[in-house]
Amino acid sequence: MKLSLSGRLIEMTKQSYAMTVEEFLALTVNAGYEGVHLRDGQIDHLIRDERFDEVEALYAGRGLGCSMLWGRLDSASFDADLTRKKLALLPRVGLDQLMIGYPTDIELIREWCDLAARQEITLVIACHFNSMFEDILRARDFIGKVDRPNLGLNVDPLNIHMAEQDYGLATLEQVRDLLSIVNVQGGVLHQGDQTIRRYYRRSTPTFRRAYLCDEDHLDIPQFISNLKTIGYAGYVNVLEPYSKDDDPSRVASETARLLQGYIDG
């Protein structure tokens, strides 16, 4: 397994909002990550400006892989031209998968899977709370209905936990052949009084922010151990290394050190 850092870090503090993509990539390398996940706002801006050569040079110059790019295939934000540009960029940054969010149109997914297959690229749907795919096994079955070998799954223990499901070994074993990338982030589930409408049940998925490796957080060491048990060898993408510390460099470095210890242990 390899560690990746998400551009969501840039959204965490006032100081980091002013951080350029170049500065973020340098921070990622210095903090000990092997890959990076650029968020929609970051990568869309680069691609829309036709900066392919610059993006490629940013990665090559720092020895980084790229764990994830976004190319949402949902009706609200789908941009076919932009998605084609992202598919063209992927090989240039050493990436063979594109995250497509939580699409529901099976025929559209099949069409784009076939297009991506020409470049040996896997499309990835997200098992995300309060979406059609908040149930990890429902997401697995949906991928089966699409019936394309280059459609994979992204999972995140916090999202699975918020959907009141088990994120342990038994669950991971049922999706082991579909896992393309794993996210981890900070947060502890707490039940509140207000009930909201979800896709499959009514509940209150409120949670407080917590440092990713706090003792009272999700059992991330066990989750990493379970990934090793099922033979997962892809990226563990740190989506939100939350901490009370306002220095994103220190937060990113400490999170990488702790997670690498779990991976090596």
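Histidine 37 stands opposite methionine 68 of strand 3, and strand 2 (residues 35-37) is joined to strand 3 in parallel by three bridges, pairing being assigned where DSSP finds at least two bridges between two strands. The model is predicted, so that local features need pLDDT of at least 70 and side-chain atom pairs count only at pLDDT 80 or more, whereas totals for chains, interfaces and linings use all residues. Residues are numbered from 1 along each chain as its sequence is written, and side-chain values use heavy atoms, with hydrogens and water left out.

The open sheet comprises eight strands in the order 3-2-1-12-7-6-5-4, with parallel pairing; its edge strands, strand 3 (65-68) and strand 4 (97-99), each pair on one side only. Helices (H or I, at least four residues) and strands (E, at least two) are DSSP runs numbered from the N terminus.

Helix 7 (residues 136-146) has as its buried residues Ile136, Ala139, Phe142, Ile143 and Val146, where buried means under 20% relative accessible area, exposed over 50% and partly exposed in between (1.4 Å probe, protein chains only). These residues lie on the same side of helix 7 because they cover an arc of only 115° around the axis, the arc being that of the directions from the helix axis to the C-beta atoms. The face turned away from this buried side carries the exposed residues Gly144 and Lys145. The buried residues pack against helix 6 (106-117), strand 5 (122-126), strand 6 (151-155), helix 8 (157-162) and helix 9 (169-174), contact meaning heavy atoms within 4.5 Å. Just after helix 7, aspartate 147 takes a positive phi of about 60°.
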